[in-house]
Amino acid sequence: MAALERLRRNLGVLVAFAWMITVLLAHSVGEKDGKARQQAVGDKALAELREEYAELRAQAAEESLVRYQQQVSRANQAEALWLQTQQQLAEANQQLKERIPNVTTVYRPAPAAEPVAIPRCVFTAGWLRDYNLALGASLPASGAGTAAPGTAAAAWPAPGTDSELLESGVTPADILAHAQDYGRWARALAAQVDALLNAQGKD
């Protein structure tokens with residue numbers, strides 16, 4: 001009987017011990033399962049985030065490529081237009097140069113009259129100087145003051161002097177040729193500005 005009682009007590013201890021081991025094993029397995037689940041959730045979220053970033057990068061790259069292609073297209077169109085304008089200006093200027101003798105050598109004194117030689121036209125040295133100054137050449141300094149920044153230091157010639165009234169040697173044909181060259185330069189400059197604005201996509 002005493003042996004049976006001891007066996008019961010030992011069995012109780014063994015059951016309690018087995019129960020504790022079972023609880024510890026279950027806790028350990030549960031903790032491992034929890035960590036594994038957390039790891040799986042984290043891995044999935046990271047993969048989704050990486051995929052989202054990859055899509056955003058691809059979209060940004062595609063948009064950049066489209067913008068670049070648009071800029072290249074605008075630049076090519078602007079360059080083609082500018083080159084076409086340059087060619088048109090050169091052709092128009094050549095035609096104008098060929099016409100200079102037609103409009104500077106003879107004229108009709110009245111409608112239906114026979115053409116006669118154009119009277120000699122004299123442009124003085126002072127006129128030529130002032131013409132050039134009007135187009136941007138440096139102005140002489142005034143006699144009383146100092147020259148303004150960017151102007152020539154020479155004083156204005158006195159009225160009536162040789163440097164004012166002698167013949168310059170410039171003819172109407174020379175002036176017309178100069179006006180044509182200057183006009184071509186101005187139109188080419190305007191075409192360059194237009195081409196630059198077109199290349200940048202501005203009106």
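R129 is buried, because its relative accessible area is 19% and buried means under 20%, exposed over 50% and partly exposed in between (1.4 Å probe, protein chains only). The model is predicted: local features need pLDDT of at least 70, side-chain atom pairs count only at pLDDT 80 or more, and totals for chains, interfaces and linings use all residues. Residues are numbered from 1 along each chain as its sequence is written, and side-chain values use heavy atoms, with hydrogens and water left out.

**The protein as a whole**

The protein has four helices and two strands. Helices (H or I, at least four residues) and strands (E, at least two) are DSSP runs, numbered from the N terminus. Read from the N terminus, the order of the elements is α-β-β-α-α-α. Of the 203 residues in the protein, 11% are buried.

Contact means heavy atoms within 4.5 Å. Among the contacts in the protein with a separation of 6 or more, 62% are between residues 24 or more positions apart. The protein exposes about 15,600 Å², and carbon and sulfur atoms supply 62% of that area. Accessible areas come from the Shrake-Rupley method with a 1.4 Å probe; for residues, only the protein chains shown count as cover.

**Helix α2 and its buried side**

R129 lies in helix α2, which covers residues 125–134. Which residues of α2 are buried? They are G126, R129 and L133. These residues cover an arc of only 60° around the axis, so they are on the same side of α2. The arc is that of the directions from the helix axis to the C-beta atoms. The buried residues of α2 pack against α3 (162–165). Just after α2 comes G136, with a positive phi of about 115°.

**R129 and E164**

Which residues does R129 contact, leaving aside its neighbours within four places in sequence? The contacts are W156, P157, S163 and E164. E164 has its place in helix α3. E164 counts as buried because its relative accessibility is 16%. Not counting residues up to four places away in sequence, E164 touches T124, A125, G126, R129, P157, A158 and P159.

From C-alpha to C-alpha, R129 and E164 are 8.6 Å apart in space, while 35 residues separate them in sequence. Their side chains are joined by a polar contact of 2.4 Å. A polar contact is a pair of N or O atoms within 3.5 Å; within protein, one must be able to donate a hydrogen and the other to accept it, and residues adjacent in sequence count only if both atoms are side-chain atoms.

**Salt bridges**

Side chains of opposite charge can pair when their charged atoms come close. A salt bridge is a side-chain nitrogen of Lys or Arg within 4 Å of a carboxyl oxygen of Asp or Glu. A search of the whole structure finds four salt bridges. The table gives some of them.

| Salt bridge | N to O distance |
|---|---|
| R129 and E164 | 2.4 Å |
| R129 and D130 | 2.9 Å |
| D181 and K97 | 3.0 Å |

The salt bridge of R129 with E164 has its closest N and O atoms 2.4 Å apart. This pair links distant parts of the chain, with R129 in helix α2 and E164 in helix α3. Salt bridges that share partners join R129, D130 and E164 into one network.

D181 and K97 meet through their side chains in a salt bridge of 3.0 Å, N to O. This pair, too, links distant parts of the chain: D181 is in helix α4 (residues 172–199), K97 is in helix α1 (residues 2–104), and they are 84 residues apart. D181 counts as partly exposed because its relative accessibility is 37%. K97 also counts as partly exposed, at 30% relative accessibility.

**A nonpolar patch**

On the surface, F17, W19, M20, I21, V23 and L25 form a nonpolar patch, with about 620 Å² of accessible area together. Patches are made of residues with over 30% relative accessible area and no salt bridge: like charges are joined within 9 Å, nonpolar side chains (Val, Leu, Ile, Met, Phe, Trp, Tyr) within 5 Å. L25 is located in helix α1. L25 counts as exposed because its relative accessibility is 53%.
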